[in-house]
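I opened my notebook for a friendly look through this one, and I am jotting things down as I go. Here is what I had on screen.

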Amino acid sequence: MLKRNLHKAEPIPAEAREYIDALLESGDLFRYHASQDAPVTLLEQEFADLMGVKYALAVASCSAALFLTLRALELSDKAKVLIPAFTFAAVPSAVVHAGCTPVLVEVNDNYRIDIEDFTEKFTDDIEAVLISHMRGHTSDMDAIKALCNEKDIPLIEDAAHSLGTTWHDEKIGTIGKAGCFSFQSYKLVNGGEGGIMITDDADMIARCVIMSGAYENNWQKHGLDCNAFSKYQNELPLYNTRMSNLAAAVIRPQLSQVKRRADDGLRNHDTLADQLNKSPFIAVPDALEPEKRAPDSLQFNLVDFTDSEARAFMAETHLRGVPVSIFGLHEGNARAFWNWKFLGDAPELPKTRKMLSRACDVRLPATLSQDELATIADVILTSADQVKSSKAA
């Protein structure tokens, strides 16, 4: 029985509390109150440096970052955007909010895009590709980027789960035209809410900054070496998706913890995966060769389970203190594409549907001890054995 709450985040560093106290004393919570060096501006500069890019824009959420990025591309009305069918509902929502039409691509049982289906659906009327690295699993970015380059179509990365992940030693979020990250509480860096987009494209950052809510020349307070702002001032709508100084004060001290959390998360993931793969009833897919992940959770597939057995397995793990969920068997799960009713009738995606019906999800905080990992492994393995032995009896 695991006694630890796997959904509890790490404590916010003491340094953040000092920043917060100073902000509360000053009352300067709005990013544009200060003439320069507001906490949000400093966060943007520090995050850009961390990722090795020219520009960053901190906003209210990763969804807001995706929305602004798509708007900045100046796509046609109802433009078709390729996205993976395995992602969080906020991703197709951002596409719809930007006035575009999501086209869902099959995902294999390793949680990565089916390149054959991706290639088939990458027709001449596709105007953008938005790759969601769901739960930190990186699809074949070599093949995806090559197709985007061949067709001269912009590639956007939803890297909400992938801060600290690399592909051929290249940081995820820097492979496409722009990358978007999340600071929601369950992500590697916890701001409660919040997001950030990064890019090397001066025109894109200018458009996104203006649309995020930089009214009356407030873009000057971003401290960016970019001459593209003035042509968009008052020419673009303001969506007011700004981040507050309070959120930035919580986030900034955690950036120095990214590498440690990523390394510890990968160690925990691989330790647990090695144990689970010893069971004939469980399969943890391997990473792709160029991929070095920074996981804060683990996904695995149940092997030869019926629906009733899979539900019984979930119940067993919950009773033993390890709340494992199955994406496709939880009523209303926001990661199951057939629950995205706002898109209309669900498309036929048999590979993704089959995967989601047996794909399990468990949180793995970076601070787990080896004893706690052993307990989690024991709970999962024992629960699987219990269900299968009961069925056999």
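Predicted model: local features only at pLDDT ≥ 70, side-chain atom pairs only at ≥ 80, totals over all residues.

**Entry 1: a charged patch.** I began with the surface and looked for clusters of charge. Glu15, Glu18, Asp21 and Glu25 come together there as a patch of negative charge. I then checked where glutamate 15 sits, and found it in helix H1, which covers residues 14-26. Its relative accessible area is 37%, so I noted glutamate 15 as partly exposed, since that class lies between the 20% and 50% cut-offs. I also reminded myself that an α-helix has 3.6 residues a turn, so residues three or four places apart point the same way.

**Entry 2: a nonpolar patch.** Next I searched the surface for nonpolar side chains. Leu24, Leu29 and Leu246 make up such a patch, and together they have about 240 Å² of accessible area. I placed leucine 246 in helix H8, residues 245-251. With a relative accessibility of 30%, leucine 246 counts as partly exposed.

**Entry 3: helix H3.** Is helix H3 (residues 62-72) enclosed or open? I found 9 of its 11 residues buried, so H3 is largely enclosed by the rest of the structure. Among the buried residues I wrote down Cys62, Phe67, Leu68, Thr69 and Ala72. Then I looked at both ends of the helix. Serine 61 caps the N-terminal end of H3, with a side-chain oxygen 3.4 Å from the backbone nitrogen of serine 63. After H3 comes glutamate 74, and its phi is positive, near 55°.

**Entry 4: serine 383.** Which side chain does the side chain of serine 383 contact? I found a polar contact with the side chain of arginine 320, at 3.5 Å. Serine 383 itself belongs to helix H12, residues 370-392. Its relative accessible area is 0%, so I marked serine 383 as buried.

**Entry 5: arginine 135.** My last stop was a loop. Arginine 135 lies between strand E4 (126-132) and helix H6 (141-151). At 13% relative accessibility, arginine 135 counts as buried, because the cut-off is under 20%. I then asked how far apart arginine 135 and serine 297 are in sequence and in space. They are separated by 162 residues along the sequence, while their C-alpha atoms are 7.2 Å apart.

Key. Residues numbered from 1 in each chain as written. Heavy atoms only, no water. Patch = residues over 30% accessible without salt bridge, like charges linked within 9 Å, V, L, I, M, F, W, Y side chains within 5 Å. Areas by Shrake-Rupley, 256 points an atom, 1.4 Å probe, with all protein chains shown as cover. Salt bridge = Lys/Arg side-chain N within 4 Å of Asp/Glu carboxyl O. Lys, Arg positive; Asp, Glu negative; His and termini not counted. Charge placed at Lys NZ, Arg CZ, Asp CG, Glu CD. Helix = DSSP H or I, 4+ residues; strand = E, 2+ residues; numbered from the N terminus. Buried < 20%, exposed > 50% of the residue type's maximum accessible area, 1.4 Å probe, protein only. Polar contact = N/O pair within 3.5 Å; in protein donor to acceptor, adjacent residues only side chain to side chain.
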